[in-house]
Amino acid sequence: FLAGLGFNLNAFNAGRASALGFGLLSFVFPFGLSLAVGLTWLEAGILGAAMLGSMWASNTLVAYPDVRAAGLEQTRAVRDAMSGGVVADMLSLLILAVATSYAVVETLDPTNDDHGTVPTLPLYLSIPVLVAFTLWVLPRLGRWFFVRVGRSRMPRLLFVLTAMAASATLAVVGGIAGIIGAFLAGIGLNRLVPNGSELMERVDFVGTSVFIPAFLVSIG
């Protein structure tokens with residue numbers, strides 16, 4: 001979510017070719033090699049090999065706060081690396097969502113009444129719904145809220161965190177990783193929460209002091 005909020009859309013549009021090229025290259029090569037190894041050497045099957053490929057093709061922006069603290073976030077190398085990393089992560093998470101959703105359906109025990117792990121919506125519906133909610137509904141709702149209701153600091157912070165949680169929940173309901181919904185919510189609210197603003201500093205503080213440490217502890 002923080003990566004989406006801090007994502008420089010203007011810089012991405014200016015260097016779109018290099019960012020997309022780097023992102024596609026950093027995804028295609030590790031995914032293709034992992035897919036080949038998973039199918040031939042590990043004999044994991046197409047779904048298992050695809051999940052391995054999505055793992056190796058993804059990367060994390062966990063070092064971005066340190067880069068930003070050093071004042072290097074506006075350099076071309078950092079902008080392209082960040083944009084390319086986002087592209088690679090989005091592709092990896094989409095592959096992971098498809099693989100895991102089909103794996104859940106295939107291994108579902110018909111005698112078991114517990115269907116809590118089965119996505120509520122199919123992917124061909126959940127992806128357009130998620131994109132429309134985060135990139136079309138949220139910006140308009142945010143502008144209305146900031147003007148009509150949330151003129152003080154606390155309501156705006158609560159709205160932003162609620163938007164993040166709602167988008168992540170909508171993604172999970174549709175069988176997509178919650179991190180995709182959170183990132184798209186950050187992109188949707190990007191222009192409403194400019195870098196350097198008081199609201200961005202508060203969101204950054206909550207994220208770096210609560211959510212990111214909890215995430216790192218949860219994955220060991």
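Author: Happy to! Let's start where α8 passes α9 in a right-handed crossing. A crossing is called right-handed if the near helix is turned clockwise from the far one by less than a right angle, and left-handed if anticlockwise. Before going on, please note that this is a predicted model, in which local features need pLDDT of at least 70 and side-chain atom pairs count only at pLDDT 80 or more, while totals for chains, interfaces and linings use all residues. Residues are numbered from 1 along each chain as its sequence is written, and side-chain values use heavy atoms, with hydrogens and water left out.

Two packed helices are described by the angle between their axes and the distance between the axes. Helix α8 (residues 153–173) packs against α9 at an angle of about 140°, and their axes are 7 Å apart. Here axes are lines fitted to C-alpha atoms, for helices over the stretch in contact, and angles run from 0 to 180 degrees between N-to-C directions. The helices themselves are DSSP runs (H or I, at least four residues), numbered from the N terminus. α8 and α9 are therefore oblique to each other; angles under 35 degrees count as roughly parallel, over 145 as roughly antiparallel, 65 to 115 as roughly perpendicular and the rest as oblique.

Which residues touch? From α8 come Ala163, Met164, Ser167, Ala168, Ala171 and Val172, and they meet Gly178, Gly181, Ala182 and Ala185 of α9. Contact means heavy atoms within 4.5 Å. By class, this contact of α8 with α9 has seven nonpolar, three polar and no charged residues. Ala, Val, Leu, Ile, Met, Phe, Trp, Tyr, Cys and Pro count as nonpolar, Asp, Glu, Lys and Arg as charged, and the others, Gly among them, as polar.

Now for another partner of α9. The axes of helix α7 (residues 123–148) and helix α9 (residues 178–188) come within 8 Å and cross at roughly 30°. That makes α7 roughly parallel to α9, and α7 passes α9 in a right-handed crossing. On the α7 side the contact is made by Leu130, Val131, Thr134, Leu135, Leu138 and Pro139, and on the α9 side by Ile180, Gly181, Leu184, Ala185, Ile187 and Gly188. The contact of α7 with α9 has nine nonpolar, three polar and no charged residues. Gly181 and Ala185 of α9 are part of the contact with α7, and Gly181 and Ala185 are also part of the contact with α8.

Methods
Helices (H or I, at least four residues) and strands (E, at least two) are DSSP runs, numbered from the N terminus.
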